[in-house]
Each structure stands twice: as structure tokens, then as C-alpha cells.
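Please read this briefing alongside the sequence and the model.

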Amino acid sequence: MSFENKSFDEASQELLQLAEDKGHATCWDRYEDMKPQCGFGSTGVCCTMCLQGPCRVNPHDNDKGNQEAICGARDYTIVGRNLIRSVAAGTACHSGHARHVAELLREVADGHVDDYEVKDEEKLERIANKIGIDTDGKDVGELTKEVAEEAISNFIGFHGEEMSWLKTMVPESRYKLLQDCDIISTGINDAIGDAMHRSAMGMDSDPLNLIFGALETSLADFLGCTLGTDLSDILFGTPEVIESEANLGVLDEDAVNIIVHGHEPVLSEKIVEAAKRLEDEAVAAGAENGIQLSGICCTGNELLMRQGVPLATNFVAQELAIMTGVADAMVVDIQCIMPALREITGCYHTELITTMPIVKIPGVRHIPFNDATANQDADQIVRTAIEAYKNRSGEVNIPEHKSEIMAGFSVEAMVDALSQINEEEPLSVITDALAEGDIRGIVHFAGCNNVKVAQDESHIAIVKEMLANDVLCTATGCVANAFGKHGFLTPEAIEEYAGEGLKRFFKAAKEATGLDLPAVFHMGSCVDNSRAIELVTAIADYLGVDIGDLPVVASAPEAMHEKAVSIGTWAVTLGLPTHVGVVPPVTGSTLVTEVATKVAKDVFGGYFIVETDPEAAAEKIIAELDERSWLMEMKAKAQEA
Ligand code: NFS
Ligand code: SF4
């Protein structure tokens, strides 16, 4: 049997065959078991907000029309409430991650932890300037403290003021629009609290009010993502262009393989250091190649971006990585960690290790990771992996597939590259190419894998169309990982997939700088979607226009997590048409669906394009890019006249 309906990734296909041979169940099998999935849940019209429920209303009941729930709630209220709660959950994830980094930064400034230090003083100063902190005469410690405290104060708005950081993150025109719509919260935690409060039983039932509430919450998520990115850059360094590899072929039979999985660099950066420190112990245990680290999900992306650690695979294949037989430890922190890992690691010698107080799995080894004892904890984790290596016995099934990749494209790294072409005005390299038509627009890819789509298939189908149509592509999260595995993060992919205009753009860049750039720019983890907005804002400011004017579209072809819902929502709010390749649970309300897919465009410029067919999606994305380019041209002509 071929496994093309489950995964487009050949490494995954090989291991799916193995799973079948050995009788291991995977998420794909469990997905089949879940069918048929409940129509009420799938369309967002199931409410469990009070103990009288669940209420499942039928929006299209011929006898009763739009059916009312016990309390009288209708489809639009229930869909609106479920939506805002999803956005709040996504926001809690990103901002929980950011909060940890912010608090760590403050601890570092206060001298309470010894195992971390500020690695990027330049970024520290740049961020301080950006948020209006006077840097004159202050040393690194003072500045770190002030930046950390300003970040933490953005979580709770004691003084009833708008989250101060947000203003620095978008063009003035966009900020004004957000203010006019009255959707800027006083703090990240306030936004999450309000979202939960207003969606409780007997609270907000006005769908429009709930939708605007969801937008407000999503802006808090955007801030959480930005803090996660900026503060991590300060602590661990701003990514620079780096080379590495992607896919399960990076696992090394002759090394102790430690796979880090989750999201925060706070833990995984320490694992990198500990792995170097304890390399000799691994060799002494018989692993002649020492320790091989690799990553899954966004912690993989974080380590790739800053340390060049290779990517093992992306979200939906996390169980398959264990079936290689050489994963000595899988170390997880927060988010996107399937509880199913326990079952599959139980069949192998693999040590599954949880580390965070809010993520435990029954029956799984927990090694608490504390910032104050980080080095010691990381050593214990790595030593546990080395011990597990000694127990390795079963057969080895490492797929040979892997691809070379280039990553590390922070906005700083991109501007740095562009300034080798035009030192004075680096962004003009992109805007000129847009004006001349060599580049038709920019598409930023974000998001996950989803078992409802064959792994990576939609990602690859859409990016191929984009490149062939001269679209400049950036990516974060599991889709960036997919592009890595399938060879799109290489210069060679330009030759293979790009249209003539895009080829000219990259050729000119190469001639001016000697740099071989990849066909797609890997900008990092999912919190690093903030980097995409930083880039877009810089371009908008350079041209003196708004984000909503630019030929830029976002796409999440295989969205899965509530985090993807919150990111998609802020992308729309910030003015980006946003494609989603999986139907979100809102279609039970025609009203909410119409607002999300049509009305939003009139207010914000951004709106959701829900399209599960990748070819149709690509067409819609390109039509949107063309429409925006045309409008920009018309506006420029009108200004000249
Ligand atoms: Ni983003 Fe990253 Fe992957 Fe999706 Fe999960 S790892 S935070 S949520 S599945 S892209
Ligand atoms: Fe039903 Fe209303 Fe309770 Fe929801 S809040 S479960 S719709 S009675």
C-alpha cells in the first residue's frame, strides 16, 4: 500500500509502512477511528459553556429555522463564543511562552540566575530605542531590566492604558485604525481574561461584538508572539543566515540521538550546550559520533535558526520519528506534543522526557527544568539520553531522506543581505522588483500539519505555484520545516521552480553580492510570524503606505492548532488576506462566516480565504496579489497626477 493519502513526505511514507507492518497505531489511524467527526463540533455550533449543555443547535432546521439553545443562544452566538475562546487559547500559548522569556530576562538582569546571559546587546539596545527607553549612559544590566519590565507590564495594564509595545510594531495608519475600532487591550492577560469572561454563559451574545472581541484578543497574541521573538533574540542571539539539513535522515545510527520537541528556546538552547559538554560521555558509552541533536516543531525551528541544529520532521510525524529505533530521547517542553508519544516510546528504548510543570504525561519520566538550575537540569536530561542509548537493541530504520537547507532569515539577516545590494535603501531592492514586476507579490506561509491533509502536500503544491508565478516566499513553523524537507530552502530550488521574474531577482542579488539565496526564506518558529509583520511593516513604512495596501498575502495550508486561529485572526486584523487550507469551525454561522471571509475586507483590508483545494487556493492568492498591485499602481498614478 502506498501512503500518499497520508503523507507527501517519503521518509514518513517509509515509516508508515513500518508502522503497518509492526501494528503501531498512529494519528492517521486514530483519525479514521474518529470518523465521522461530529457535524455540530466541526461547524462550531456546539456549546458547553454551562452545565445545562451541551447545546447543539441546527442552523438550518427547516421547521424551527435558526434553532435556539436552552438559554436562547443562536448559531452566531455559539460560533462567536467558540471562536473567541480559541483565539484566547492561542494567545495564552504564545504569551505563556513569551512570559517565561520575559521573566527570565528580568531574573538575568537582577542577577538571580547565572546560567543565562544577554547574548545580543545590539538587539537589546535596538529594542530599547524602539519602545522609547532612554539608553544613554545605561549599562547592559540596567537596560535589560528596563526592557524586561516594560515587557512584563504589557501583560497587565495596571493603568488602563493601551499595551504600549503594540504601537511600535505596525505602521501608524494601521495603529490608528485599530484605535478607531477600539480593539487595543490594556494588556495581554487582560485580553485573555476578557475573552473568557465575555464568552461565558449569559454574557456577550452579539456576534459582531464577539468578533471584535476576538480581534482584540488576537492583537494581544500578536504582541505575545513579538515578545517571544524579540526577547529570545536578546537572550540567545538574533538569527543569521545558517546552513543545515532537514528530515529524518539527519538521525545518526552511531550517535546518541536527542530530539527536542516543543517550543521554547529556554530549555533547548541549554540542551545544545549540555550536548557539547557531555559529548565525551556519549563517545565513552559507545556512540562513536557523539551526540546528534535534532528538532521537531517550533523548538526545532528555534534551534535551527540560531544554532543550525537540523530539523528531524514536523508536527504530524512526531510518532514516526520514534519508529526509527534510534531516538534515544525525546525531550519536550510545551505545546504540540501528542500524548500518543507515550504509547509509541513504550514500544522502544526511547526515553520520553517532559520538563515543564504544566506539561506532564501520565507514566512518563518528568525531569523538572528550572531556569535557576538550567545547566544542571540540561546535563541530567542529556545523561538520561546517554543511558537510554546503552539500552538500544531493536532494529534501526532511519529513512535516508534529508535535504540541505538554508535558514536564519530574521529581518536583520534579510536587511543585511539586501544592504549588500543597496546599502542606503536595502528595502528598495524588494520594492523596485515589485514595481518592475519581477516579483508579483509576497506570500508568507505559516502553520502546521493537520491529519486532514496529506502531510505537506498542500504546502508543497501551493509554494510551487507561488514560485512559478514569481511570488517571493517567506515561511515559519511546520510549513517552513516542510519546505526544508522537500528542498525549497535551497538556491537550487530557484532554478527548478521559480518563474522568469523571480529568477531575474535572485540572479541580480547573486551578481551584486555573491550570495546564493534560497527560494524560500525560513523566518523561524510560529512566534516568529512577528518577523513577517516586522518585514511587511518596514516595507509599508518605506513606501509610505499601509500593510493593507501591499501585495502581501498570508497562507496556512495545513492549519491545526488554536495558535493558528489566533495568528490568522491578527494577520487579517493587520490587513493581510489570509488563506486557510482547513475549514475552521465557524461555518455553522452564515453571519460569522460572511464577516470573516467578506466584510472584514472592507474594514481591515484583510479577510479569510477558506480554500481546501491547493490549486484553487493558489489562484485566489495570486488574484489577490494582482488586485493589490494594480490598486497600488493606480494610487501612485493618482498621486502623480
Ligand atoms: Ni505553530 Fe509550532 Fe507546528 Fe503548528 Fe505546532 S509546532 S507554534 S502550532 S504544529 S506550526
Ligand atoms: Fe446551552 Fe446556553 Fe448553556 Fe451554552 S450557555 S450550554 S447554549 S444553555
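Cys 526 is found in the loop between strand S13 (520-524) and helix H22 (529-543), where helices (H or I, at least four residues) and strands (E, at least two) are DSSP runs numbered from the N terminus. This is a predicted model, in which local features need pLDDT of at least 70 and side-chain atom pairs count only at pLDDT 80 or more, while totals for chains, interfaces and linings use all residues. Residues are numbered from 1 along each chain as its sequence is written, ligands are numbered from 1 in the order in which they are written, and side-chain values use heavy atoms, with hydrogens and water left out.

**Ligand 2**
- The residues around ligand 2 include Cys 47, Cys 50, Cys 55, Cys 71, Arg 81 and Met 201, a residue being near if one of its heavy atoms lies within 4 Å.

**Second largest pocket**
- The volume of the second largest pocket is about 560 Å³, taken as the space filled by probe spheres set on the grid points, which are joined across faces, edges and corners.
- A pocket is an open set of points on a 1 Å grid over the protein atoms alone, where a 1.4 Å probe fits, with protein on both sides within 12 Å along at least five of seven lines, and lining residues have an atom within 4 Å of a point.
- Among the 19 lining residues, those closest to the centre of this pocket are Leu 543, Ser 629, Met 632, Glu 633 and Ala 636.
- Helix H25 (614-640) and helix H17 (428-436) each supply at least two residues of the lining, and H25 gives the most, with 7 residues.
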